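Have a look at the structure first, then read on.

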Amino acid sequence: MAQNLVLRPERPDPDELLRKVMAEEARERRGKLKVFLGYASGVGKSLRMLDEGRRRKERNGEDVVVGATQLESTTDVRALLERLEVIPLRYVEGVPVMDIDAILQRKPQVCLVDGLAHDNPLSCRHRHRWEEVDELLDNGISVIASVNLQYIEEQHDKVAQIRGRSVEETVPQAFLGRATEIEVVDAPPESCLGCEGPGGEADRLRREQQLAQLREIALLLAADVVDHQLERYLLEHGMEQIWSANERFLVWITPYGDAGPMLESGSRNARRFHGELIVAYVARPDLTPAERAMLDRNLKLAREAGADVHALDGEDPAETILAFARSRGATQIFAAHGSRQTWVERTLGGPVDRLIRGAEGIDVRVFPQ
Amino acid sequence: MAEPAARGHLKIILGYAAGVGKTYKMLEEAHELKRQGVDVVVGYFEPHGRKDTIGRLEGMEVIPRRRIEYRGVTFEEMDTDAILRRNPQSCAVDEFAHTNVPGSERGKRWEDVQVLLAAGIDVITTMNVQHLESLNDQVWQFSGVRVRERIPDWVVQQADEVVLVDLPPDALLNRLKRGAVYSPEKARIAAQNFFQESTLGALRELALRQTAHEVEGRYIAQEAEPAPRPDLRSTGAPQAPAVETYDRILIAITADPPSAALIRRGKRVADYLHADCFVAFVHSRGDLADLPAEDRKAVENHLNFARSLRIETRILEGEDVAQTLVGFARLNRITQIFLARPRRPSRLALLRPSLVQQVVRLARDMQVTVVAERHRAAAAAAPAPGLNGSQI
C-alpha cells in the first residue's frame, strides 16, 4: 500500500515537546542498559561484560553485582567472578533463574546479566530474562548484559538459515534499540572455532564461512542501532542531518515507462551497500488507462523489491522528488530518461536535467528507457 | 612455520578514534602470540603517554626506532631494516596510516609494512576508519576535518583479517575527560574536533559498516571465482553494454578539483558492486602536452591518484568530449559512466548544454551517474588548529 508523505512540521509541536521532556525525565530515573553483542559463542562476550563490571567497581567505585552468569565458564571468567559480588541463581522447577527479588532488595547501582535470551518457567513473574532486565531498569538499576546474535528475534530466521539450526529463546531487536549503549565484541572466526566441536578441513571451512556471515550481520545490526541513536541525538539537539553513513537509494518511478531495470538495480545496490531502497512517484490526476496500468505495474514491482513506497503531491515533479529526497536523506536518486521530450524540454532541459541541476549533495543516476 | 617465500599474514585492528583501545588490543594479541610460542616483536609503538597501554609493553621485545634528521629536528620512525635483520615470525606495528618524515626510505608506514609482509613476516597493525581513502569526503563532510594520512582501500582489502575495536562514544568521552587519551591541552582541542558525540557516532557507524564490508569481501572471495572480464580496447566494433551480470564503471574526469571526490565515489561504488572501474580523460590529442601547465598538472595528479587506487586510466583522443566518452564506453561494454555535477549552471548552459547534459543525451543505452559535490554540515564546528591527521 502506498503511504502518503507526512512532512515534518517546521515548528515543534508542543505535545511532542512535552512528550520529549517526560521521556527525558523517565530516562533519567531509569537505569542505563548496556549490551555486549557477539556473533557466536566464544567471542568473549561474558568476559567483556564481567571485565567492565570489575572496572566500574574497582576504578569508579560503583556498587556492582552479578545477577546471572552462564553455568559453564572458562578460567578467565571464574577469575573475574571471584572479584565480584554474585547474587546466586535460584531454581524454579529445576530450572536456574535470575533471583530478581533478591537483586531488587539488594538494590545495586549496576547489575551484570549474562544470557539475556534465557527463558523462565511459567510460574515466574516474567517469561523472559530480558523482561526481568526491564524491571531492573525501571527500578533505577543499570544493567550490563550480553547477548548472542542468534537470539535476536528479527535475525532469527537469517541466522537459522546460515547455521542450519534454530533456537527457541529470543530477545526482540527493539529491546537492543532501547539500550543506551551497544558494543560489538568482534573477533575473527578462528577464535570461535574451538568451541564448535571437531571436524575435517572442509567442515572447518564451511564453519568459517558461516561464522563470517554471522559476524557481518552482527556488525550491520550494531551499525543500524548506532544509526538510529545518531538520528535521535541530532533531532534532540536540533541539528540537521545532511550526511548519512548509510546509502539510501531513491528510485523515481513514473507512469511513462517500465521501471523494472531501475528497480532491479536499486534493489541490488541497496543489498550490496546494505542500504535502504525507497521508491517514490509524483501523483498525476489525468492518466490514460495505459499509463495507469504502467504505474500499477511499476508499483507492484517496487513492493516486490521490498521498497518503502511513497506517493507525492506536487506541481513540479523534479522539485517534488528533490524535496522528498532531501527529507529522507537520500544519497542517490535513480531516474529514467524521459521518453516524451517536447522541443521546449530539448532546449531548456527536461525534468531529468532539472533534477541534476537541483540535486545538491545527492548523486543522480540516469537510466536508459 | 611458513616457507620463507610465503607472504606474511596481515591483521588490521580497526577503530574510529584515538583512545578506543587499538594499541592496547594490538599488544594484547602480541602477548597472546608469545604465549603460544610465536617469535613476536614490537616494530613500532606509539605510547601517547597512556599508562594502561605502556604497561602492556612489559615483557615484549621492542625494536629501537630509527632517528632521522629533517630540517634540524630529529624524528623517530620505525626501523624497517632492523626488523628485517631481526626477522621475527610476527611484528606489531602501530599507526598503519602514518606518513614518514621526508628522508625516510618509503613515504608511508603502510609501505614499510608491505616490505615486512613480502619478507614473510606477519604483521598486526592499527588504524582508524577515517584514514581510508574512499571515506575521505564523507568524513570531511560531517567533521570538517580533511584527513591527510590516507590508505588506499586495496591495501586494507589485501589484509587477511580486519578486526573492529568497538567502544560507545560515551565511554570514549569519559576516557578523554579522565585524561586517559590525551594531555589536558590536547584533549581540549580534540573535544572541538572529532570528539563531539555526533561525530564520534558517525565515525563509529562507518567503522561498523566498513568492518562488515571487509568481512563480506573475504567470504565472498572464498566462495566464487570471478568471471573473466574483457580488457579495455580503443578500436573495434561497438558493443552493447554488458547484461548486468557485472558492472563496468567509467569515471570521466576533467582538470577541475571535484575530480578527486568523483574518483573516490566511483571507486567506492565499483568496490561495493564488485565492478570493474576505469578512469578516462578526453583531450583533442592523445597526450597532455599542449594543455595549460596548471590544467596538465591537475589532470596528471588526478590520473596518478586513480592509479594509486589501482584504477586503470586512459587519455582518450577526441574533439568532442561527450561523443568520445560515449563511444569509448560502448566499445568497452561500460554499464555506468560517472561524471561530476557541473559546479554552477551558467547562463550559457541555457544555450549550450553542459557535458553532463550531452552525455546523458548521447548515452541513452547506459546508466549515467552524476556525482554531486558534498558540502559541509552547517552545525559542524570549524576545525581547530593543533591536531593533524596522525592524531585523530
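Which residue in strand 13 of chain B does Val364(A) stand opposite? Val364(A) faces Val370(B) there.

## Ground rules

This is a predicted model, in which local features need pLDDT of at least 70 and side-chain atom pairs count only at pLDDT 80 or more, while totals for chains, interfaces and linings use all residues. Residues are numbered from 1 along each chain as its sequence is written, and chains are lettered from A and ligands numbered from 1 in the order in which they are written.

## Strands across the chains

Strand 14 of chain A (residues 363-367) runs antiparallel to strand 13 of chain B, and three bridges join them. Strands here are DSSP runs of E, at least two residues, and helices are runs of H or I, at least four, numbered from the N terminus; pairing takes at least two DSSP bridges.

## Where chain B meets chain A

On the chain B side, 49 residues are in contact with 47 residues of chain A (contact: C-beta atoms, placed from the backbone, within 7 Å). Helix 9 of chain B gives the most, with 16 residues. Among the other elements supplying at least two residues each are helix 5 (136-143) and strand 13 (367-371) of chain B.

By class, that side of chain B has 25 nonpolar, 10 polar and 14 charged residues. Nonpolar covers Ala, Val, Leu, Ile, Met, Phe, Trp, Tyr, Cys and Pro; charged covers Asp, Glu, Lys and Arg; the others, Gly among them, are polar.

Note on methods: Two residues are in contact if their C-beta atoms, placed from the backbone, lie within 7 Å.
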